[in-house]
Amino acid sequence: MEGQVEHKTVAANGINMHFVEIGQGPIVLFIHGFPECWYSWRHQMSFMAKQGYRAVAPDLRGYGDTTGAPNDDPNKFTTLDIVGDLVELLNNIAPQEEKVFVVGHDWGAVVSWALCLYRPDKVKAFVCLSVAFNPRNPVKKPLETLRKVYGDDYYVVRFQEPGVIEGEFEELGIKNVVKKFLTYRTPGPLYLKKGKPFEDASSTDELPCWLSDEDIDFYANKYQQIGFTGALNYYRSIDRNWEVTAAWTGAKIQVPVKFIVGDLDITYNAPGAKDYLHKGGFKKLVPLLEDVVVLQGVGHFIHQEKPKEINEHIYNYISKISSSKNHSNICAIL
């Protein structure tokens, strides 16, 4: 895969955004999460390129080979900032394409929801993996709420103080940290005890069949070069993000969506998540939601763990959307 993709960099919204691409045709924009980079989409990109699409996967600001992000200022990592990066990326690499297909996972899903919310005119359809749309609560700040529900050892809370968790990760070993995250499969919340991260986490020393030592090395080498601060700033900006997005309180997602999650994913097993997804709450906020797919026996890193199934879901949904739009265009001409 590495030898097949093209690596490029464009100036976008004040940063130098690195991205990889492969194939020709309509763009499918793949947006990664934590603790990953463009490489997490290796299976999907090659597959979609073979189906006649131009697969594009950037390293988000603070990640991988994207440079120029103000890592010393977490307030510059709100979804408004990240969506601005992506819109500029698209304007640079595909000015002729009014809209693109979007696929996002983890923080990439959060960013993709924001892209759909702020700029629905840029999105043909969205395939969301793992993280459902979380509407803004006008009276509850996110960090305070998470601390009350889960306590101070909850991983999002532990990520807040700059430098502290980075030091603990350094002591544990970057490669080991990446492996611990990617192999974590407990359906419940992730707790990282102060000074002893992952001591009680049920990750494993044995790599699953879907993850190789070379894969771990790829991620670890990137974090070895740039550190974790940029990636952690997404968590450190959640309250600032809440502050600057008040204008979208109560807004709905007005683009076509397909949602896929694993039944062992921590997001699917969060309090109230299953009722929200299956009893109408999610559909009310995402009226063009087509389907909620739950893959059995699958954890959080669903697109790496079950690439064949995810590839088929992405392709079938995008093909369906493309066909319906083509039919509409033909009817309009007639």
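Analyst: S40 is buried, because its relative accessible area is 0% (buried means under 20%, exposed over 50% and partly exposed in between, with a 1.4 Å probe and protein chains only). This is a predicted model, in which local features need pLDDT of at least 70 and side-chain atom pairs count only at pLDDT 80 or more, while totals for chains, interfaces and linings use all residues. Residues are numbered from 1 along each chain as its sequence is written, and side-chain values use heavy atoms, with hydrogens and water left out.

S40 sits in the loop that runs between β3 (27-31) and α1 (42-50); helices here are DSSP runs of H or I with at least four residues, strands are E runs of at least two, and both are numbered from the N terminus. Setting aside neighbours within four places in sequence, S40 is in contact with H32, Y219, H303 and Q304, where contact means heavy atoms within 4.5 Å.

An unreviewed UniProt entry annotates residues 26-153 as "domain: AB hydrolase-1"; such annotations may be inferred rather than shown by experiment. Over residues 26-153, the chain is 35% helix and 18% strand, with the end C-alpha atoms 44 Å apart.

Now to the helices. Helix α2 (residues 79-93) packs on helix α3 (residues 107-118) at about 75°, with 9 Å between their axes; axes are lines fitted to C-alpha atoms over the stretch in contact, and angles run from 0 to 180 degrees between N-to-C directions. The two helices are therefore roughly perpendicular, a label for 65 to 115 degrees. On the α2 side the contact uses T79, L80, I82, V83, L86 and V87, and on the α3 side V110, V111, A114, L115 and Y118. Of these residues, 10 are nonpolar, 1 is polar and none is charged.

Finally, the rings. Rings of Phe, Tyr and Trp (its six-membered ring) pair if their centres lie within 6.5 Å, with planes under 30 degrees apart called stacked, over 60 edge-to-face and the rest tilted. By this rule there are 33 aromatic pairs. One of them joins W107 and Y234 edge-to-face, at 5.6 Å centre to centre and 65° between the planes. W107 belongs to helix α3 and Y234 to helix α9 (residues 229-236), 127 residues apart, and both are buried. F159 and F181 have ring centres 6.4 Å apart and planes at 65°, so this pair is edge-to-face. Both F159 and F181 are buried.

Terms used: Parallel < 35°, antiparallel > 145°, perpendicular 65-115°, else oblique. Nonpolar A, V, L, I, M, F, W, Y, C, P; charged D, E, K, R; others polar.
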